[in-house]
Amino acid sequence: MAAGNAQTQTYDVVVIGGGAVGENLADRAVQGGLSAAIVESELVGGECSYWACMPSKALLRPGAALAAAAAVPGAGEVPQHVDVKATFAARDSFTSDWNDESQVEWLSSAGIDLIRGTARITGEREVEVHPNIEQTGLAPEQAHPTTVRARQAVAICTGTTPVLPPIEGLAESRPWTSAEATAATQVPPELLIIGGGVVGCEMATVYADLGARVHLIVRGKNLLASVDEFAGEAVAAALAEMGVDVRLSCEVTSCAQVGSGAADLIGDDATSFSGIRTEATLSDGATIVADQILVATGRKPDVPEITAGDIERDEAGQLALDDDLRAVGTDWLYVVGDASGRAHTTHQGKYQARIIGDLIAQRAGAPSAGSADLRADDMGPPQVIFTRPEVAHVGLTAAAAQEQGRNVKTFDQDLGAVAGAALHAHDYQGQVRFVVDVEQQLLIGATFVGQDVAEMLQAATIAIIGQVPLQRLKHVVPAYPTMSEVWLRFIEAAGW
Ligand SMILES: Cc1cc2nc3c(=O)[nH]c(=O)nc-3n(C[C@H](O)[C@H](O)[C@H](O)COP(=O)(O)OP(=O)(O)OC[C@H]3O[C@@H](n4cnc5c(N)ncnc54)[C@H](O)[C@@H]3O)c2cc1C
């Protein structure tokens, strides 16, 4: 049970950060018989609920649905463009209008206390919480910090923050990050996106759907560098077909304000659009004038200030973690989810949270409890990129497996040649790559590219993380006519 007076409270577990990861970790600790409090500086639910997964997928869905209907002969007349106002309204509904009341209620029903404010770690098992003046309405002189102590563990689940590249004039151009791009209430007529990773590609799709002229400036020679090259190539070609100006091997070298007041804003009343026009100069000497710049060049862990003695850090200044995500040299401090640098998606962070929450509870009751088994982190977590075409990947790419010294064979299958795909959409274009470890006779990686492949990923995840022997897969019969019959083509090609 929690104990203490107004200034000092004590719980078994203090979780810093009430995103999906912090919520799940606290829940597991409470289910294990411990008391837990979450300290949250913004909204309970974190990035995923309000500025990342949910709003971005809500913004992507109308365009995907229209494109899907348009590719079905006989579906009738399909609108050419998404309804901007209705799309923003649907997004607002999925974010509960940025109100976390329902998630706060869930915390209470799960027996987790909420402490609103910004936390820093001031000592061993000690957290100081500074109330947010905006949330509390307190005058600065009344906003006294409180101390929260943990009997067992403090878990840092604070996620990440975007990294702004050091480009001359960029900060002055008031660029969007993904937070503003997913919460926008207006569509800038001309949007320049820096970065061709997941966020850059998904947001290019969203804003092209919403009617913006989008420029996607990418330093690398391909999009989506973390997945197989053919996936990035397919997405680049599709974005170009949608009218996006994709520039590869190109960088923004400087930005300068050239005036304000774009005339033709699309959408509702302005709240998030800066209204400043910016001229971006590119590494090839070209210039682009845009109404808004969106920076999508990566994120870094957002670990709170720690003044608790000597806690080891790695070369990048991040906390060094052991295999149980515990800070090296401590027996009480854990870093879980995006903040750990070992998870980059909600589902994988929640997986860590379930395991570490259980582990903390076990260690509280039985000091000799075992280590965390986070094997799915090491085998290549699943990820879906909700572009058009979608990209779904799990396990290792062939290149990553070869770097580990593994003898691999790849099997490329034309997804469009499967009867289920032909029925799904006219002229369905798609490809699947299966990566097999020849010695172990196991599937160790799979990448799907094509319309609606997201839901096909779990079968591959089960085969890979579950280490289903390849000889077994010949008995796993896909239903006809579904796109999953691509598995049959793979089994046949491999001769099993
Ligand atoms: C545009 C975008 C789209 C994405 N789409 C997907 C997707 O489709 N699927 C998917 O799985 N993942 C997606 N992700 C990734 C996903 O959002 C993250 O993996 C996930 O939010 C990480 O959860 P978390 O709980 O670790 O961190 P967060 O969700 O970032 O939560 C951390 C919380 O900690 C709080 N906090 C930080 N510092 C302090 C402090 N000092 N004191 C108190 N509180 C603090 C923050 O306010 C925040 O609420 C996307 C990311 C982006 C940017």
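**Sheets, salt bridges and a pocket**

A: In this predicted model, an open sheet with parallel pairing is built from four strands in the order E12-E11-E10-E17. The edges are taken by strand E12 (245–247) and strand E17 (292–295), and each has a single partner strand, so one side of each is left without a neighbour in the sheet. On average, neighbouring strands of this sheet are turned by 15° against each other, direction ignored.

Some conventions apply throughout. Residues are numbered from 1 along each chain as its sequence is written, and side-chain values use heavy atoms, with hydrogens and water left out. Because the model is predicted, local features need pLDDT of at least 70 and side-chain atom pairs count only at pLDDT 80 or more, while totals for chains, interfaces and linings use all residues. Helices (H or I, at least four residues) and strands (E, at least two) are DSSP runs, numbered from the N terminus. Two strands pair if DSSP finds at least two bridges between them. Angles run from 0 to 180 degrees between N-to-C directions, and axes are lines fitted to C-alpha atoms, for helices over the stretch in contact.

Within the parallel sheet, E11 and E12 are joined by three bridges in the parallel sense. Ile 217 has Arg 247 in E12 as its bridge partner.

A second open sheet has five strands with antiparallel pairing, in the order E20-E21-E24-E23-E22. Its edge strands are strand E20 (383–385) and strand E22 (408–414), each of which pairs on one side only. From one strand to the next the twist averages 15°. Strand E21 (residues 390–395) and strand E24 (residues 442–450) run antiparallel and are joined by six bridges.

Asp 228 counts as buried at 8%, and Arg 433 is buried at 19%. Elsewhere, salt bridges that share partners join Arg 120, Glu 128 and Glu 305 into one network.

Next comes a hairpin. Strand E5 (residues 118–123) and strand E6 (residues 126–130) are paired in the antiparallel sense over five bridges. Ile 121 has Val 127 in E6 as its bridge partner. Two residues lie between E5 and E6, and in this turn Arg 125 has a positive phi of about 60°. The side chain of Arg 125 meets that of Glu 124 in a salt bridge (3.0 Å, N to O). Arg 125 is buried, with a relative accessible area of 19%, whereas Glu 124 counts as exposed at 55%.

Another salt bridge is formed by Arg 28 and Asp 358, whose closest N and O atoms are 3.0 Å apart. Arg 28 belongs to helix H1 (residues 20–31) and Asp 358 to helix H10 (residues 346–365), distant parts of the chain, 330 residues apart. Arg 28 is partly exposed at 25% relative accessible area, and Asp 358 is partly exposed at 28%. The whole structure has 23 salt bridges.

The last item is the second largest pocket, with about 210 Å³ of space. On a 1 Å grid over the protein atoms alone, a pocket is an open set of points where a 1.4 Å probe fits, with protein on both sides within 12 Å along at least five of seven lines, while in a cavity the probe cannot get out; lining residues have an atom within 4 Å of a point. Points are joined across faces, edges and corners, and the volume is the space filled by probe spheres set on them. The lining includes Ala 459, Leu 473, Ser 484 and Trp 487. Helix H14 (457–465) and helix H16 (486–494) are the elements that give two or more residues to this lining, and H14 gives the most, with three. By class, the lining has 10 nonpolar, one polar and no charged residues, where Ala, Val, Leu, Ile, Met, Phe, Trp, Tyr, Cys and Pro count as nonpolar, Asp, Glu, Lys and Arg as charged, and the others, Gly among them, as polar.

Terms used
Salt bridge = Lys/Arg side-chain N within 4 Å of Asp/Glu carboxyl O. Buried < 20%, exposed > 50% of the residue type's maximum accessible area, 1.4 Å probe, protein only.
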